[in-house]
Amino acid sequence: MAKSITQEFVKGLWDEIPPFRLVLGLCPALAVTKSVQDGLGMGMATTFVLLCSNMLVSLLRKVIPPKVRIACFIVVIATFVTVVELVMQAYTYPLFLSLGIFIPLIVVNCIVLGRSEAFAFKQPILPSIADGLGIGIGFTLSLGALGAVREALGNGTLLGHSIFGAGFEPFAFMQEAPGAFVGLGLMLALMNLVGKK
Amino acid sequence: MREMIKMVVVLTVLSAFSGGLLAAIKNNTAERIENQKLTFVKGPAIKQIFAGAANDPLADRFKVADGNEERDVFVGLLDGGKAVIMESFGKGYGGDVGVMVGIDTASETIVGIAVTTHAETPGMGARAKEDPAFAAQFKGKSIEKPIQVTGDGGEINAISGATVTSRAVTNAATSVAEMYKRLKPEIQEKVQAFNK
């Protein structure tokens, strides 16, 4: 039953990688993956929140009465999200501009609440940290990959550098929400294909 | 009963702690955030409009009361005289489009415009910010008449495929023109104080 710390960390990178394996947190995954930079920025913000909230929830798990646990989780998560929002505004303003409303929306991201409820509330602090970090990095990688596909096809650039030359006509569909669904679907299909063996 | 008290206490303590932490962080970052906004949003737009200004328009700014709100006015000393920049917003395809408009205080014509914040579609409406040719059309237009796209009877050629965004920009420009006309006496008076 008891998995090692490393296992808890590694499961977030493939076995339970969000949003592909745990199909949670789709809203930010679809909305902010217009470019690699946005995807990675969102992923890192979420990782920070996941790590801190997992840590604190795990520390407080003996104190928090089970009946009001969800309310407590939300307070903890909302606090860290606001911290991220303020710090991002103060230090990486351009990133904040492109992520905009989706930063405050991390509060209602099911991944974060899901990890608190399903994992951190029942586990000691070390596995909780490993779990938060693993899931967070997995989420960051997924968003970065989806962002790369959408930015390359939809805008002809990668991290702001033109990759196809001037003759490339951007495939604007990929920058829109439907393009995000198609991109996500194809990546999910690919992952299932690889994981099937 | 005991359980209920515990629930109340835990939630209260947690919320109080969270409130305190956030207040501390907000106090410590407020000034930096204001500066970041000036550098990243308003700064580039102002530099674009006042290219070659003899002063630093970001430093030479003042506030003017407009009803219940305060408007930032940036002053630029240009070759042809003094000009002011104010910002307004128009409703675009993906939310508000912020536009900074520079107005020459002597001739009351537009010196230039620049889009600041927007959430328009990349490759479509976002070209309003990226395409200098679109913004260049506003230069020299009088602020007497409302500024409109050609489709609405005005003189600005809309960006193809982005009529809504183009209209948002012209509406914002018109609203700055109106703001200027409304606050003219006060602006003129304060601008006098700035000299080379």
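Colleague: Let's start with charge on chain B: how far apart are the mean positions of its positive and negative charges?

Modeller: In chain B the mean positions of the 23 positive and 23 negative charges are 4 Å apart. Lys and Arg count as positive, Asp and Glu as negative, while His and the chain ends are not counted. Each charge is placed at NZ of Lys, CZ of Arg, CG of Asp or CD of Glu. Before we go on, this is a predicted model, where local features need pLDDT of at least 70, side-chain atom pairs count only at pLDDT 80 or more, and totals for chains, interfaces and linings use all residues. Residues are numbered from 1 along each chain as its sequence is written, chains are lettered from A and ligands numbered from 1 in the order in which they are written, and side-chain values use heavy atoms, with hydrogens and water left out.

Colleague: And what is the charge separation in chain A?

Modeller: For chain A, the mean positions of the 13 positive and 10 negative charges lie 12 Å apart.

Colleague: OK, folds. What is chain B built from?

Modeller: Chain B has four helices and five strands, running α-β-β-β-β-β-α-α-α from the N terminus. Those are DSSP runs numbered from the N terminus: helices are H or I with at least four residues, strands are E with at least two.

Colleague: Is chain B compact or spread out?

Modeller: Its radius of gyration is 21 Å, well over the 16 Å from the globule rule for 196 residues, so chain B is more spread out than a compact globule. That radius is taken over C-alpha atoms, and the rule is 2.2 Å times the number of residues to the power 0.38. The C-alpha trace of chain B spans about 75 × 45 × 30 Å along its principal axes.

Colleague: What about the make-up of chain A?

Modeller: Chain A has eight helices and two strands. Its radius of gyration is 18 Å, close to the 16 Å the rule gives for 197 residues, so chain A is as compact as a globular protein of that length.

Colleague: New topic: what does Lys67(A) touch?

Modeller: Leaving out residues up to four places away in sequence, Lys67(A) touches Glu3(B) and Met7(B), where contact means heavy atoms within 4.5 Å. Lys67(A) sits in the loop between H3 and H4 of chain A and counts as exposed at 62% relative accessibility.

Colleague: Thr121(B), then: buried or exposed?

Modeller: Thr121(B) is buried, at 15% relative accessible area. Beyond four places in sequence, its contacts are Glu176(A), Tyr93(B) and Ala126(B).

Colleague: Last one: what is the phi of Glu108(B)?

Modeller: Glu108(B) has a positive phi of about 55°, although it is not a glycine. Most residues other than glycine have a negative phi. Glu108(B) is in the loop between strand E4 (95–104) and E5 of chain B, and counts as buried at 14%.

Conventions. Buried means under 20% relative accessible area, exposed over 50%, partly exposed in between (1.4 Å probe, protein chains only).
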